[in-house]
Amino acid sequence: MIIKIVCAGQNDFSSLYKKDDNEFIIAVDGGIKAVKEKNLIADLLIGDFDSCNLSEDEYRNNYLKKMTFNARKDYSDLELALQECEKNSHCDTDEILIYNATGIRLDHFYANILLLEKYSNLKAKIIDKNNCIFIIDKDETFFKNEYKYISFFALESDTIISLNGFSYDLSDYNLNINDPLCLSNEILKNSIATIKVNNKKVLVIRSN
């Protein structure tokens, strides 16, 4: 199963969406607008709907189940969606993709990055037209693709990484939380690039 979470930010979902046979769509608050725009039906609509000004009649045919929360709450609407994913983590979920979670609100964007770390067990990715953002905590292999750049940022102290197959390789480097050394690296052409990390959380951003 591929879970696709559609948030209420700048709408890149409409241009990025590709149908998967085993997809499960969660519309987060005003994200139902983007779902409706693609003539899709969300399996779950969740939020407090403070940013959704569509009438019930306008979008009632675009979701199967709705969960409504009070606007005065301790969790953002996206976090509520991730909590639902976590509750069903026993299901056969291959990937969680989060759309419309960047946009112009830097406070929301930063909060969403924090949620990637908080729910890193879900292995979710934030994607938009120019970026793919996710967290790793073990050795990984990367291939050259549509993203030109790749950056790594430590999220925990005492993070030791080694990079091979990149324009700038490293060997057992202690990457501090406030160290931007691994910004804007590139995977070498025809190379299989690898990162080795000592079980610490690392934020990965692949960008055009």
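## Nonpolar cores

In this predicted model, the largest nonpolar core contains 37 residues. Those with the most contacts inside this core are I32, V35, F142, F152, I161 and F166. Leaving out residues up to four places away in sequence, F166 touches F142, I150, F152, N185, E186, I187, L188, A193 and T194.

Another core lies apart from the largest one and has 27 residues. Among its members are V28, I46, Y119 and I126.

## The nine-stranded sheet

Nine strands form an open sheet with mixed pairing, in the order β4-β3-β2-β1-β5-β6-β7-β13-β9.

Strand β5 (residues 95-99) runs parallel to strand β6 (residues 124-127), and four bridges join them. Within this pair, Y99 stands opposite I127 of β6.

The pairing of β6 with β7 is antiparallel and has two bridges. These two strands form a hairpin, with three residues between them. I126 has I133 in β7 as its bridge partner. On to the next strand, β7 and β13 pair in the antiparallel sense over six bridges, and the bridge partner of I133 in β13 is I205. Most of β7 is covered, with five of its six residues buried.

## Helix α5 against the sheet

Helix α5 (residues 106-118) lies across β5, β6, β7 (131-136) and β13 (202-207), and runs at about 35° to β7. The helix has 13 residues and reaches 18 Å from its first C-alpha to its last, close to the 18 Å expected at 1.5 Å a residue.

Which residues of α5 are buried? They are N112, I113, L115 and L116. Seen down the axis of α5, the buried residues fall within an arc of 155°, so they line one face of the helix. An α-helix has 3.6 residues a turn, so residues three or four places apart point the same way. The buried residues of α5 pack against α4 (77-87), β5, β6, β7 and β13. On the other side of the helix, L106, Y110 and K118 are exposed.

N112, a residue of helix α5, has a relative accessible area of 11% and is therefore buried, the cut-off being under 20%. Not counting residues up to four places away in sequence, N112 touches L78, A101 and I126. I126 is also among the residues of the 27-residue core.

## The loop between α5 and β6

Two residues of this loop are described here. S120 lies in the loop between α5 and β6 and counts as buried at 12% relative accessibility. Apart from residues up to four places away in sequence, S120 touches I135 and K201.

K123 is found in the loop between α5 and β6 as well. The relative accessible area of K123 is 42%, so this residue is partly exposed. K123 has a positive phi of about 55° although it is not a glycine.

## Residues in two other loops

N199 lies in the loop between β12 (192-197) and β13. Its phi is positive, at about 60°, although N199 is not a glycine. Is N199 buried or exposed? With a relative accessible area of 63%, N199 is exposed, because the cut-off for that class is over 50%.

N11 is found in the loop between β1 (2-6) and α1 (13-16). N11 is partly exposed, with a relative accessible area of 30%. Leaving aside neighbours within four places in sequence, N11 is in contact with A34, E37 and N100. N11 and K129 are 118 residues apart along the chain, and their C-alpha atoms are separated by 9.6 Å.

Key: Residues are numbered from 1 along each chain as its sequence is written. This is a predicted model: local features need pLDDT of at least 70, side-chain atom pairs count only at pLDDT 80 or more; totals for chains, interfaces and linings use all residues. Side-chain values use heavy atoms; hydrogens and water are left out. A nonpolar core is a set of buried Ala, Val, Leu, Ile, Met, Phe, Trp, Tyr and Cys residues joined through side-chain atoms within 4.5 Å. Buried means under 20% relative accessible area, exposed over 50%, partly exposed in between (1.4 Å probe, protein chains only). Contact means heavy atoms within 4.5 Å. Two strands pair if DSSP finds at least two bridges between them. Axes are lines fitted to C-alpha atoms, for helices over the stretch in contact, and angles run from 0 to 180 degrees between N-to-C directions. The expected span of a helix is 1.5 Å times one less than its number of residues. The arc is that of the directions from the helix axis to the C-beta atoms.
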